[in-house]
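Here are my notes on the model you sent. Please read them with the structure open.

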Amino acid sequence: MGSSTDHGGAGGRGKKGSGSQLWKKALLHSSLCFVMGFFTGFAPSSVSDWTSTAVAAGGVGSSHMVKALHAAGGAAVNRSLLAQDVAVAATDAGPRPLLLLVTTTESTPSAAGQRAAALTRMAHTLRLVPTPLLWVVVEAAPDVPATARLLRTTGVMYRHLTYKDNFTATDAAAGKERHHQRNVALGHIEHHRLAGVVLFAGLGDAFDLRFFDQLRQIRTFGAWPVAMMSRDERKVVVQGPACGSSSVAGWFSTDFSIGTSPGAGAGAAARPRELDVHGFAFNSSVLWDPERWGRYPTSEPDKSQDSVKFVQQVVLEDYSKVRGIPSDCSEVMVWHVTTKPLPSSHQQPSPKNKRR
């Protein structure tokens, strides 16, 4: 009986001691968790946050951070986090301006057979250009169905414009149809207030991809040298702005097929009567807000209806508003292939503006 009581008492004390130890362990565990959580709150939440904080503090790019990490421990860096840093940096720099590329076509039977190939080539070029970009394609109504099917497969954001006006083969050869198509495109841009940089991109044009980055820097007008080549002639003529001190000082035209040195001339030629559409771009707001740029043809309202001629005149009237591309106009970044005879010119650019 007593023995039973003694065993019972010993067992009760054992249970009490065991419960006390469990309580102490739980208290210690919860205290450690609290301390760790408290200090964790002051630490960066991710690697991307750490790199962003370091960049802000020391002005070091993320690529330098990656090199430092590899040099320190050779640890692998999460590429998705690096991509996130690049995206954040791009957002902080502001959105890129919209590029509005206007492409015209011809309705002649000979041009129809080459249209699909030329449009496909242009589409593959534009797919390499960073967004945002809108491709405005203009053509006659009978040619729309085939082109519409092609444009849907390009992967490029586009607008397909059409018109019902009829042009003869003579009109097309004289460039009247293309001029009308460009005005159709500019009318659409003006009507819908599509804010961006407008470029006339012909199906026979070839571009250096760096050229499109330069276009996004245009605030009012931009101009550049264009290498013009004829399919029927073994001839190359370069036309464009002559720049001095990063500003446009005049215009030149050089025939590179006559075998003379491009640096032997005496400078820029006189102001041209009309600016080639393949050699300039402009801020689209000039179409609906021309007073912002200091000119509006109120005395000749009929010219305001021809948007292409209006913009050409404004560019030629005030060089101070024209940005050279590149800044010293020293490099050809656009090539234009034409079926028309090229103009003859022996005028050479100044030594400061050699072409390569």
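Predicted model: local features only at pLDDT ≥ 70, side-chain atom pairs only at ≥ 80, totals over all residues.

1. Start with the cysteines. The bond joins Cys-243 and Cys-329, with the sulfur atoms 1.7 Å apart. The pair links distant parts of the chain, 86 residues apart. Cys-243 sits in strand E8 (residues 236–244). Cys-329 lies in the loop between strand E11 (322–324) and strand E12 (334–338).

2. Are these cysteines buried or exposed? Cys-243 has 9% relative accessibility, so it counts as buried. Cys-329 is buried too, because its relative accessible area is 0%. The cut-off for buried is under 20%.

3. Next, look at Gly-196. This residue is in the loop between helix H8 (176–191) and strand E4 (197–200).

4. What does Gly-196 touch beyond its neighbours within four places in sequence? The contacts are Leu-98, Leu-100, Phe-282, Asn-283 and Ser-284. Pro-97 is 99 residues away along the chain, yet its C-alpha atom is 5.8 Å from that of Gly-196.

5. Last, the cavity. The largest cavity holds about 30 Å³ of space. Its lining is Val-102, Thr-103, Thr-104, Arg-182, Phe-200, Ala-201, Gly-202 and His-278. Strand E1 (residues 99–104) gives the most, with three residues. By class, the lining has three nonpolar, four polar and one charged residues.

Definitions and conventions: Residues numbered from 1 in each chain as written. Heavy atoms only, no water. 1 Å grid on protein atoms, 1.4 Å probe; cavity = no way out; pocket = protein on both sides within 12 Å on 5 of 7 lines; lining within 4 Å. Points joined across faces, edges and corners; volume = space filled by probe spheres on them. Helix = DSSP H or I, 4+ residues; strand = E, 2+ residues; numbered from the N terminus. Nonpolar A, V, L, I, M, F, W, Y, C, P; charged D, E, K, R; others polar. Contact = heavy atoms within 4.5 Å. Disulfide = S-S within 2.5 Å. Buried < 20%, exposed > 50% of the residue type's maximum accessible area, 1.4 Å probe, protein only.
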